[in-house]
Amino acid sequence: MRLIRVAGAALNQTPLDWHGNLTRILAAIDQARQQQATLLCLPELCITGYGCEDAFHATGIHESAIAMLEKIVPATAGMVVSVGLPIVYAGAVFNTACLIVDRQIIGFVAKQFLAGDGIHYEPRWFKPWPSKVHGNIELLGDTFPIGDVFFNVGSVKIGFEICEDAWVGTRPGGGLASRGVDLILNPSASHFEFGKQEVRTRFVLEGSRAFHVTYVYSNLMGVESGRAIFDGDILVASAGRLVARGPRLSYQDVVVTAATIDIDATRMSRARTGSFEPEVDGDESDLWRIPFDWPACRIQPGNLQTDAWRSSNELKHEEFTRSVSLALFDYLRKSRQRGFIVSLSGGVDSAAVAVLVSTMIQLALQELPVEAFAAAVGWRASSDQPKMPQTPHEWTACLLTTVYQRTRNSSDTTQNAARDVAAAIGATHMEIDIDSLVSGYTALISQALGRELDWKTDDLALQNIQARVRSPGVWMIANIKNALLLATSNRSESAVGYTTMDGDTSGGLSPIAGIDKAYLRHWLRWMETTGPLDIGPLPILRVVNRQAPTAELRPSSQNQTDETDLMPYDVLDRIERLAIRDKLMPLEIWRHLQAELPTMTARQLADWVIKFFRLWCRNQWKRERTAPSFHLDDENLDPKTWCRFPILSGGFEFEIEQLEAEVKKQVTGVK
């Protein structure tokens, strides 16, 4: 029996925050030492931050990264630590993990498979390292191995898979296993998506089983650079068994999870496997030997920390609530704003945004001491608030201001709903009548045109001016309060441009732009009746949930609703998935809908499909201008990180003609 205490760390880093990133790395090393861990795996690119983007091509960035590495080395006395940073070698930039053993840099393992799809753009900055190739790099007055290498540290063999390396079919772990590696470390920057944690756990477990190793996985945590959310997963598995798991979506800057593993047990597991074929050619040119005395270690039970919400039947609701809440917390403190402003209309979208801010405060205060929370959000005493808030309600009043902006087309129902929701969550609430401003603009343009504007000829303009007039006031409040204005548009509206540019799109952050309206309505009903574990429901949301979604921009006599203007949201979201996620053409989508909605007429389904495609193409420019949003799944429409589409296009007119011909054929029987 040979026991070793290993650990993974989740870090909430920020690109180019040299001192902050260094402080958190050193804190993780210290926490690992306190947990008697001898080996620590830190996340991918944790020195620089993962999201530096084109700054990875700046010489000064690499100089600073090496300077930080030099500061980390002395803190590793008696330990084995891996730390991630970019390295310039042979005229290219490589994503590497540096292994440090007892205050000595031993070498750099380079990532072999780069993430270049979805929100990832690694091939723009890095080069993939070829398999079975290694070289030497001169650094800090010494020479170190770099590339596809592994290490014998005190007779314990250590290899690496760096994030994407483990997601591919030809993962490096297979070659490492044949060389007799005992430990595989996986420093990662793996973004959050609904259900992704289950997939990640599977490849960690399968890697440890198939390769007969102990597998240590560590991930970044929080919103690092603005859009991607990292859940901070830490997993330790040995020979196909999970022995330790850390908390996800934590508000802590540093989380370390340790486990005691038996090297001899995994070695014998490999030895008794009939399919194992070791490499016995004697070539160890890619293996570096380093003397190290592993300290004696006692058997300890694994720390399988399981958040109760992980097993919830409503896991997606829990994940949505907790991921976006953490993202709002990070965005608030990293952008150095003093709070949030929400234009609260009394409808689903703005209510969801306001409730998420309130939930963020509650979850953060459950995990952080009030003093730590105050420091994180930059609270300072003022004449308006000389005493530090203590309760979630008090903090919500401090950090969240909601504003209801009424016109003659607004209803008492939405005004009362906005007021009731704001009161229930504790927000500072304001009510402003902007009808005179709308009338003033309308009169000015009528005078300039020499005619009166009316709803028959000027419907869109008369709707949009109301939404746009709401923007300057909330921006002014945001400026006065040094707060961040949150836009309230959702993904369904973004898909078809059912939003007013410089109106309800106004804001520095659009927290729900990555999620569809149908889901938001379902989630808000869950928040009304059930709510997140340890928080519970918010019954007042019934005043929002009982309404039909409406922009309230036409006269009340017209009974305007979103779904009358567009189509049922469930249908819109289904068309969006088929068209944008699955890349199907109008005729193909129409056939899908006919099978799924047999009670609807062929003509009606075709009209909805045609409307979607025309609105989608017409409104790409709006999506290009949407404020940053959070990535939550593989259906994101953000053109900067996920879904690229030309601003100018032929608008699928040829494909629509094909659909029209097929509808005519089916309805009339005429070819």
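Buried here means under 20% relative accessible area, exposed over 50%, and partly exposed in between, with a 1.4 Å probe and protein chains only as cover. Helices (H or I, at least four residues) and strands (E, at least two) are DSSP runs, numbered from the N terminus.

The model is predicted, so local features need pLDDT of at least 70 and side-chain atom pairs pLDDT 80 or more, while totals for chains, interfaces and linings use all residues. Residues are numbered from 1 along each chain as its sequence is written, and side-chain values use heavy atoms, leaving out hydrogens and water.

Let's start with helix α17. Of its 13 residues, 10 are buried: Y569, V571, L572, D573, I575, E576, R577, L578, A579 and I580. These buried residues pack against the helices tabulated here, where contact means heavy atoms within 4.5 Å.

| Helix packed against α17 | Residues |
|---|---|
| α13 | 491-496 |
| α14 | 517-529 |
| α16 | 562-565 |
| α18 | 586-596 |
| α19 | 602-618 |

Just after α17, K583 takes a positive phi of about 60°.

Now to a strand. T96 sits in β4 (residues 92-101) and is buried, at a relative accessible area of 1%. A polar atom of the T96 side chain lies 2.9 Å from the backbone oxygen of L85. Leaving aside residues up to four places away in sequence, T96 touches V83, G84, L85, I87, F108, V109, A110 and I162.

Finally, helix α11 (residues 435-449) holds I445, which counts as partly exposed at 43% relative accessibility.

Methods. Polar contact = N/O pair within 3.5 Å; in protein donor to acceptor, adjacent residues only side chain to side chain.
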